[in-house]
Amino acid sequence: MDNIKVTIVDREGKEHELDAPTDMGMSIMELCKAYELPVEGTCGGMALCASCHVYLLSDHILPEQSDDELAMLDSAFFVKPNSRLGCQIKLKDELDGLKLELAPV
Amino acid sequence: MGQNKTIETDIIIIGAGPVGLFAVFEAGLLKLKCHIVDVLPQAGGQLSEIYPKKPIYDIPGYPSVLAGDLIANLLEQIAPFEPGFTLGERAESLEKQSDGRWIVTTGRGSKLIAPVIFIAGGLGSFEPRKPPIPNIAEFEEHGVEYFVRNPELFRDKRLVIAGGGDSALDWSIYLSDIAKELTLIHRRTEFRGALDSVEKVQHLADSNKIKVMTNSQVTGLLGNGKLEAVEVQHDTEGAQNLEVDYFIPLFGLTPKLGPIGDWGLGVSNNAVEVNTFDYSTNTPGIYAIGDINTYPGKLKLILCGFHEATLACQSAFKIVHPDKKLSFKYTTVTGIEGIQAT
């Protein structure tokens, strides 16, 4: 499979169904930027800024959070139990149908 | 750096990250002098501040180089050109003098004067991450402090510190002896700081020297011109008000474009627009290089910033020396004075 579908709910509640390639090592943060959704990705994907903070809405099992991601989420705001950093989620075939919501900034 | 110092040079470089540093080298080849200003206390920008131990793989000629080593190498590479440094001071304002040169003033009052400015500010300047409490700005400097600059300010005061990282833990430990009352508030159950600090805080809490409230957040600030109380919301047990003199939120630093955004330069998406001919901004004499600029096809890569710095120097030469002819020379032909070939 080359492309999966990922749904992103933006901060106005609008749903965007995105075609996401799984063969480029792309992250959710990069995918959002590629589709010009309002995700800054200030730090470039090093789990250092939380500008790609998202909530997991579907019941996919995501890769476990690294210490870096947990530490960053500790100093971010609007954090919920389903909070993740988009830059730490790489697009993979098993994430087909993934649904995420952009956290407030 | 001393206060109210005035420095004159050819190029003022705002930002001591890799691109700002390399600009000194390329300027030096053209015999242009540089002075670098950076808000951080050391050179290297985010490479030194955030990820000195991370390897970088896309510097040409280096299969892998640690960010901190790249900065050390750049400092060695530019040393022969004797750049000046004003560190720990943020470039706040930019004005044009009557002689056509620019004057950059820092937050501590240092004045830097040059005909050319290179903005190499990367992500911007690092500022404290502010909690999303609607009226927090109202109480800044009236009870809300984002840094502990002078611990004596808090002597015999009632403090609330918020945060779960090392700085929240370390300052809670330090200020526990100084404050009259200290409450540490953390959103989660666990603290992620150094184990030793976590244990010390636990010990202070057990001996009633400080109070620790976990699974809680500060959600409101109360007072009339001066902070009088904070509202603390517990995940399950509801809200309560704590009377305080100071609220110290310690949630780390986040980069902001800062004052550069107010200098009348073209800005889009937190980046300075430039012409890719020479990386000049909309204002003659002012260039933007590295992660802080934007143009069609921009990639935020160190190696792209090196290229941008090189072309900007060629253009800057014509502003510094309008009457001189610039001839391009390879370092393989001329060498660098002060650098021994190995």
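Two residues are in contact if their C-beta atoms, placed from the backbone, lie within 7 Å. The views below show a predicted model.

**View 1. Strands S2 and S10 of chain B pair in the parallel sense.** Strand S2 covers residues 11–14 of chain B, and strand S10 covers residues 116–119 of chain B. The two are joined over 4 bridges. B:Ile12 has B:Ile117, in S10(B), as its bridge partner. In general, strands of a sheet pair through backbone hydrogen bonds, either parallel or antiparallel.

**View 2. Helices H1 and H6 of chain B cross at roughly 35°.** Two packed helices are described by the angle between their axes and the distance between the axes. For helix H1 (residues 18–29) and helix H6 (residues 302–320) of chain B, the axes come within 9 Å. The crossing in which H1(B) passes H6(B) is right-handed. On the H1(B) side, the contact is made by B:Pro18, B:Val19, B:Phe22, B:Ala23, B:Glu26 and B:Ala27. These meet B:Ile302, B:Gly305, B:Phe306, B:Ala309, B:Thr310, B:Ala312 and B:Cys313 in H6(B). By class, the residues of this contact divide into 10 nonpolar, 2 polar and 1 charged.

**View 3. Strands S15, S16 and S17 of chain B form an open antiparallel sheet.** The 3 strands follow the order S15-S16-S17. Strand S15 (216–223) and strand S17 (238–243) of chain B are the edge strands, and each pairs on one side only. The twist averages 25° from one strand to the next. Strand S16 (residues 227–234) of chain B runs antiparallel to S15(B), and 7 bridges join the two. One bridge partner can be named here: B:Leu227, in S16(B), is the partner of B:Gly223.

**View 4. Chain B touches chain A.** The contact takes 17 residues from chain B and 12 residues from chain A. On the side of chain B that touches chain A there are 7 nonpolar, 5 polar and 5 charged residues.

How values were computed. Residues numbered from 1 in each chain as written. Chains lettered and ligands numbered in written order. Predicted model: local features only at pLDDT ≥ 70, side-chain atom pairs only at ≥ 80, totals over all residues. Pairing = 2+ DSSP bridges. Axes fitted to C-alpha atoms, helices over the stretch in contact; angles between N-to-C directions. Nonpolar A, V, L, I, M, F, W, Y, C, P; charged D, E, K, R; others polar. Left-handed = near helix turned anticlockwise from the far one by under 90°.
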